[in-house]
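Subject: Structure handover

Hello,

Here is the structure I promised to pass on.

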Amino acid sequence: MGVSVPREHAGAEVGAATLAEVFRLLATGDPNIAQIPQSHFVYVNVLRAQGSPEQKRFFFGEVLAGRRFGNAQSEAGTRHVQDYRTRLTPAPDGGHVLTGEKHYSTGALFADWIPVLARDADELLQVAYVPRDAPGVEVIDDWAGMGQRVTASGTVRLREVRVPAAHVVPHHLTFTGPHLHGALAQLLHAAIDVGIAGAALRDAREFVLTKSRPWFESGSATAAEDPLLIQRFGELAVTLRAAQALLREAGRAVDDARAVLAAHDAHDAAAGAGPGAADDREAAEAAGAASISVATAKAYADRAAIELADAVFEVSGTRSSLEGLNLNRHWRNARTHTLHDPVRWKVQHIGRYTLNGTLPPRHGLL
């Protein structure tokens, strides 16, 4: 859980491509386990981008000591996904008071710290890092989705939770210049989808090799010798390999863009300006290209996960639909997880970038 902590704070500081591969491997084993820490790495990255030196020292120390971040981000019943009602109001002691209710809070039940997205008195977006057991925090295990069932993506209620100023990070500053916040978050989601696709193909192969009967018209002695099944497995393998390749390419694009943005931050620091002050074309284009690469990987992985999860039954036959085999978990997990962010909007931004050179928006979900 500490592999992405910067080296200057005694972490391994692995790149985005490596982190994506870790998530792909986890998701191939169990996408529920992979999704639980996704927000942990996102909010480690928030600290890396906007945390003060003191905040980085404290919270990275917590992570390296084994503490886990969850999330309290999304809300139900608002106008859209970025409409937040949760409020962070000033307290007389210089700290803050946090009040609100969050939904789809993956990882919160298992967390030591819960990063909470909230608006302050000036409507600016902040992240308040709150202890899981702080007075006024209630984490409710009420997630009841058809898939990703054990991610515990339930409700977090916050009733006048006291938060010291030192635990509040100005997340709104993330979006004032080129950034990779959304690209990293979406890269890990894409890795989960690719992992689901790989697990589905693995289980389909195992079923056909050990349990399926050949169709009588094939003239084959075993299902594995059926030429039409061989053809279909070839098609599915191409889909999976393409998804894996796009994921690797997207990870490299994020790493390349991070190097460009770091060089610009170093230039700003040498010039006496704050990090992110130089919003020149090179930095903007690097971040934009990374977001488009991730969006491409996510759009394709979405389709691949659902196709391969469905194909388990297509190639395996009637017996594979028995409830006790639980092969439907691949489709349930894929269909549930791919609902996170609509790929139709990602394809829109990919098209604008490809046709007109329009850089994608910096809203953090791309």
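Helices and strands here are DSSP runs, numbered from the N terminus. Please keep in mind that the model is predicted.

Pocket first. Which helix gives the most to the lining of the largest pocket? That is α5, with five residues. Helix α5 spans 181-210. At least two lining residues each come from α3 (38-50), β3, α5 and α9 (343-356). The pocket's volume is about 1300 Å³. Its lining has 25 polar, 15 nonpolar and five charged residues.

Now the aromatics. The structure has 10 aromatic pairs. One of them joins Phe69 and Tyr129, edge-to-face, at 5.4 Å centre to centre and 65 degrees between the planes. Phe69 sits in the loop between α4 (53-64) and β1 (87-90), and Tyr129 in strand β4 (residues 125-131). That pair links parts of the chain 60 residues apart. Both Phe69 and Tyr129 are buried.

Tyr104 and Trp143 also pair edge-to-face, at 6.4 Å and 80 degrees. Tyr104 is in the loop between β2 (96-102) and β3 (113-119), and Trp143 in the loop between β5 (137-140) and β6 (155-163), so this pair ties together parts 39 residues apart in sequence.

Last, one aromatic cluster is formed by Tyr43, Phe58, Phe59, Phe69, Trp113 and Tyr129.

Best wishes

Methods: Residues are numbered from 1 along each chain as its sequence is written. This is a predicted model: local features need pLDDT of at least 70, side-chain atom pairs count only at pLDDT 80 or more; totals for chains, interfaces and linings use all residues. Side-chain values use heavy atoms; hydrogens and water are left out. Rings of Phe, Tyr and Trp (its six-membered ring) pair if their centres lie within 6.5 Å; planes under 30 degrees apart count as stacked, over 60 as edge-to-face and the rest as tilted. Helices (H or I, at least four residues) and strands (E, at least two) are DSSP runs, numbered from the N terminus. Buried means under 20% relative accessible area, exposed over 50%, partly exposed in between (1.4 Å probe, protein chains only). On a 1 Å grid over the protein atoms alone, a cavity is a set of points where a 1.4 Å probe fits but cannot get out, and a pocket is an open set with protein on both sides within 12 Å along at least five of seven lines; lining residues have an atom within 4 Å of a point. Grid points are joined across faces, edges and corners, and a volume is the space filled by probe spheres set on the points. Ala, Val, Leu, Ile, Met, Phe, Trp, Tyr, Cys and Pro count as nonpolar, Asp, Glu, Lys and Arg as charged, and the others, Gly among them, as polar.
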